[in-house]
Each structure stands twice: as structure tokens, then as C-alpha cells.
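I opened a structure I had not looked at before and kept notes as I went. Here is what I looked up, one topic at a time.

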Amino acid sequence: MSSLWPGRKGPGVRYITAEPSLEWQQKKRRSLVILGSTGSIGRSALDIVRANPDAFRISGLACARSVNRLAEQAAIYRPDYLAVLDTEAADALKKLLPAGCTPEILVGQEGYRTLASLPEADTVLSSQAGTAGLAGTLAAALAGKVICLANKESLVQAGDLLRHVCGKTGASILPVDSEHFALFDCLSGREDDATALILTASGGPFRGRSAAELEDVTPAQALKHPNWNMGAKITIDSATLMNKALELIEACQLYGLSPDRVQVLVHPQSIVHSLVLFKDAGMLAQLAMPDMRLPIGNCLLWPRVEKSHIAPLSLARIGSLTFSEVDNAVFPAIDLARKAMQVRSGMSIVLNAADEAAVQLFLDGRCSFPDITRSVAAAMEHHLMGIRAGGRSEQTPFCLSESMLALEGTALAEACWQMLGTMDALQEETAAFVRSFVQDGTAC
Ligand SMILES: NC(=O)c1ccc[n+]([C@@H]2O[C@H](COP(=O)([O-])OP(=O)(O)OC[C@H]3O[C@@H](n4cnc5c(N)ncnc54)[C@H](OP(=O)(O)O)[C@@H]3O)[C@@H](O)[C@H]2O)c1
């Protein structure tokens, strides 16, 4: 059994939550909710469910507006609940469901929160895209669920809050992100000896290019990831290396480490999913073909490990694995993440929100590729100026106050949702800043 979980004292990592209960671990059949079931992660998770039909019952599935795909999934898995973004999507969904398939259809943020906290569900896969995923993760944490967490933005925005809430409710987090699952695997049992975590990055489709060569790249070029098949937002983030920046913050939050103990190494083959450096100068790495079904399956089935259909690695055929430093001058995202972690005071929220807004502008053809990280840097500077001037941002309660630490039950939940409302306001303010920054021509 892993000793990664909290309770042990030592210089090593301080994992974010306690271990899932023995009752959950021994459950023959887990009752699963998938938030974001129509996305890349959600569909891979349903592959795992299909391959292990006795291990899961699907209680709920959710998407934003891909109702055709959601209706197909509902027809196969027969969940009791579905959730969609708005009433228009709900009306369209009702017409698509086959005869005899009559799940309750929930709508909007309230619907996602209800789904994430269903009493009959014990496991929630949080795999909605971007900032929107936090509410579902938080609802699952407040309800004491085992959370298989793909939505890295949840930890980027509210890692401290989730650590606290899970501590109060007994919820657990298992890391679905491939790098963080690799670290989880390598750390187990040796966490007290770990001195550094090393995240690998493919470098994306523009690895090796100069800053000038990035000015004219198109969304179509940026959407062609060399190794992974993922949703649009994370694919663009992989091209700017902002995905690795978010993952650096995610790793610090998951493993309770300061950013100086998390390094990034470019590894174009995406075979080594991450490494841990130990105090004896030895390293452990997890190697596998780049296929998200490995970490998703291991989290959903944890601590069981089942035979998978992923092609075994043939190192002889691959021949060579290469590694190099990140070119931070051309790809400044990781430096921005380190800066955000130093400042705290909502800076990670600003980094994440600015990136999300800028990626959308890039995909819409309204700004250039380098404008994405330029906009993030400008939004962070703007936020810092607000803090220095003693403006609104400094007073916004993103840090857990003494009074909040003492709360339990409904009072804790109310305080959490209030904090989320404050985060939403900062996100909207940041997105508006990015849009005007790009539109004013300052960035373009
Ligand atoms: N893909 C990967 O390999 C990978 C690896 C590691 C971590 N992750 C993380 O996993 C999460 C999902 O990534 P993905 O690649 O699976 O994304 P994706 O393919 O774009 O799918 C996103 C899912 O979220 C739903 N969604 C989108 N906007 C929403 C909103 N505003 N409210 C509620 N639901 C919404 C989508 O529904 P519709 O289909 O209706 O739009 C879809 O079901 C992200 O946080 C990503 O960083 C992904």
C-alpha cells in the first residue's frame, strides 16, 4: 500500500488528500459520474468502462452542448442523470433520447453541481474543459467523493481550497493528468526521499522555432499536436507550453511542493511521462505509449491494475529518447507560472483566465499565437499593479481565512461557493482585460 498519503512526517511530499477509504477501494462496482463525458478524456474513460463492464455503473454523464454524442452515450450506459449547459441543449437532448431511456436532465452550473454530488455516486471523473470544471470538482469535494481529476484548472485556481475541503469531508483526489499520474506512481513508497519532480513536455508542434517564426502560425498548425489527441484548449496550451505551466502549478498543489522543486524537461517522444529525482541521485520514471487510457484506467480502478489494450512499448523500435531544456525566451509560459506562484493573491487565477480568453481569441483568428502569452503576462502585470495600489484584488479573499478554516458542513459549502463567485468575478475582469489588450492593438 502506498505511503504517499498524508500523516507521515518527513521532508518529502505532502500529498493533497487522504487515501480513498477502504470501503471504496474494495467496492466491486463503483458508481461513476463523468463530468465532460463527450470530450477527449470523457470518451477515453468510457472506453475503460466498456472494457471493465462489471467494475462500474454509470450514474451520470454531462457535457456542454454536444447533445448528439451525449444521447448516444446515454443510450448505451443508461445513466439516471444527464447534465447540459443550458435549456436549449436540454430540449434538444430530450428529442434525441431513444424510447425507454428517460434520465433526469439537469441544467447549467447548478445541474453540474447536483450531478457531482449525487448521493448514489461514489466516484466523479472531473474532465470538463477549462475554468468551468472547478465548480464540479468543488461540489464533488464537498460531497466527500473520490475525484479522478483531469481538470488541472481546478487545482490551478483553487488548490488550497480543495486541499482544505477534502481534508474536512474525506474526499480524495487521484491524478488523471498523465504526468501527475506518472509522478504518483514513481513517488509511492519513496516520497520522503524525493528531492525534485521532473515534468516532461513534448515541446508541441513549434519546438525549436524562433520567436519571429511563431508570429504567423495559424490555429490549424497549432492544433496539430505531434503525439497526443486532445481537446482544442489543451492542444493550443501544449503549443505555447502553457499546458506545462498549468501542470507545474498542478504538481505543486498535488504534492505540496514549492515551485523550485518542480522542473520541466522537453522530451519530444512523449514516452517518459515524468520523473522523480531522489536524494541518492537516482531517478524513477514512468514510460508508456502516449495514451490517456493508462492514467484514466488506473485512477478509475485504483488500486487495482487491469490488463489494458494499450500497445506495449517497444523501446528498440523507438530507438532513442531525447531530452533538452525549455527555451524560456521563446516560450515564456513556464516562467509566468513560477511568477504566479510567488505572488499568489489570485495570480494563478489571473494566469489561467487570461490564457483561456487569449486561446479563444487566437482560435477565433483575432490575435496572433505569441499574443497568447503576451496577454497573460500583461494581465498578470495589471493584476500586480492592482495589488500594489491596494485595489480590489488585494482585498479579494482567495486565501483561506482563519474563520473559514473553522467552518464545517453547510457553512463551509456556503463559504466555498462565495469564494468561487469572487473568483468568477476576477476571471471575468481578466478576460475583459485580455480582450481590450488585444483589440487596442497593444498586443497585435
Ligand atoms: N485530453 C487530454 O489528453 C488531457 C490530458 C490531461 C488533462 N486533460 C484535462 O482534462 C480536461 C478536459 O480536456 P479534454 O481534452 O477532454 O477537453 P475536450 O475534449 O474539449 O472536452 C471537454 C468536455 O467538457 C465539456 N465542456 C466544455 N465547456 C464546458 C462548460 N463551459 N461547462 C461544462 N462542460 C463543458 C465538453 O462538452 P461539449 O462536448 O458539449 O463541448 C466536453 O464534454 C481539461 O481540463 C484538460 O486540461 C486533458
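I started with α11 (residues 232-240) and α12 (residues 242-255), which pack at an angle of about 95° with their axes 5 Å apart. They are therefore roughly perpendicular to each other, a label for angles of 65 to 115 degrees. For the axes, lines are fitted to C-alpha atoms, for helices over the stretch in contact, and angles run from 0 to 180 degrees between N-to-C directions. Helices here are DSSP runs (H or I, at least four residues), strands are E runs of at least two, and both are numbered from the N terminus.

I noted that this is a predicted model, where local features need pLDDT of at least 70, side-chain atom pairs count only at pLDDT 80 or more, and totals for chains, interfaces and linings use all residues. Residues are numbered from 1 along each chain as its sequence is written.

Who touches whom? I found Ile234, Asp237, Ser238 and Thr240 on α11 against Met242, Asn243 and Leu246 on α12. Contact means C-beta atoms, placed from the backbone, within 7 Å. By class I got three nonpolar, three polar and one charged residues. Ala, Val, Leu, Ile, Met, Phe, Trp, Tyr, Cys and Pro count as nonpolar, Asp, Glu, Lys and Arg as charged, and the others, Gly among them, as polar.

**α11 again, with α16.** I then checked α11 against α16 (residues 347-363): the axes come within 10 Å and cross at roughly 95°. That makes α11 roughly perpendicular to α16. Ala232, Lys233, Ile236 and Asp237 in α11 meet Asp355, Val359, Phe362 and Leu363 in α16. I sorted this contact into five nonpolar, no polar and three charged residues.

**The sheet.** Next I traced an open, mixed sheet of four strands, in the order β9-β8-β10-β11. Strands pair if DSSP finds at least two bridges between them. β9 (262-266) and β11 (283-287) are at the edges with a single partner strand each, so one side of each has no neighbour in the sheet. β10 (residues 272-278) and β11 pair antiparallel over five bridges, and I saw Ser274 bridged to Gln286 in β11. α12 lies across β8 (194-201) and β9, at about 150° to β8.

**The ligand.** Last, which residues are closest to the ligand? Of the 27 residues around the ligand, I listed Gly36, Gly39, Ser66, Met230 and Gly231 as the closest; the shell takes residues whose C-beta atom, placed from the backbone, lies within 6 Å. α2 gives the most to the shell, with three residues.

Key:
Parallel < 35°, antiparallel > 145°, perpendicular 65-115°, else oblique. Contact = placed C-beta atoms within 7 Å.
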